[in-house]
Amino acid sequence: MWGVQRGSRLLATVLRTPRVPRAQVTSKPPEHPLSAAEQVIAFSVMSACFLIPTAWILAHVEHYKTRSN
């Protein structure tokens, strides 16, 4: 019996409303839609920001291994 009460109490705390209210975020269609060329440029820049540092590290792994302190 105690196990059932403990489980129901745990379930009640999980289902309780959060203490911090969620933000009421609404969105609208963009005022100025991006062209296909602008989307390609933006995607290319974002990809480069992730891939260039990774490529740099992978290209210099041997240097990092042999570096002495």
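This report describes a predicted model of one protein.

## Model and confidence

Local features need pLDDT of at least 70, side-chain atom pairs count only at pLDDT 80 or more, and totals for chains, interfaces and linings use all residues. Residues are numbered from 1 along each chain as its sequence is written, and side-chain values use heavy atoms, leaving out hydrogens and water.

pLDDT is the predictor's confidence in each residue, from 0 to 100. The protein averages 84, and 87% of the residues score at least 70. Confidence is lowest in helix H1 (residues 2-15), with a mean of 71. It is highest in H2, at 97. Where pLDDT is low, the predicted coordinates should not be read in detail.

## Overall fold

The protein has three helices and zero strands. Along the sequence the pattern reads α-α-α. Helices (H or I, at least four residues) and strands (E, at least two) are DSSP runs, numbered from the N terminus.

Buried residues make up 0% of the 69 residues. Buried means under 20% relative accessible area, exposed means over 50%, and partly exposed is in between (1.4 Å probe, protein chains only). The accessible surface comes to about 7400 Å², and 66% of it belongs to carbon and sulfur atoms. Areas come from the Shrake-Rupley method with a 1.4 Å probe; for residues, only the protein chains shown count as cover.

## Helix H2

H2 covers residues 36-59. At 1.5 Å a residue, its 24 residues should span 34 Å. The expected span is 1.5 Å times one less than the number of residues. The end C-alpha atoms are 33 Å apart, which agrees.

H2 bends by about 30 degrees at Ala48. The bend is the angle between axes fitted to the seven residues ending there and the seven starting there.

Trp56 also sits in H2. Trp56 is exposed, with a relative accessible area of 52%.

The whole structure holds one salt bridge. That term means a side-chain nitrogen of Lys or Arg within 4 Å of a carboxyl oxygen of Asp or Glu. Glu62 pairs with Lys65, with the closest N and O atoms 3.6 Å apart. Both lie in helix H3 (residues 61-66), three residues apart.
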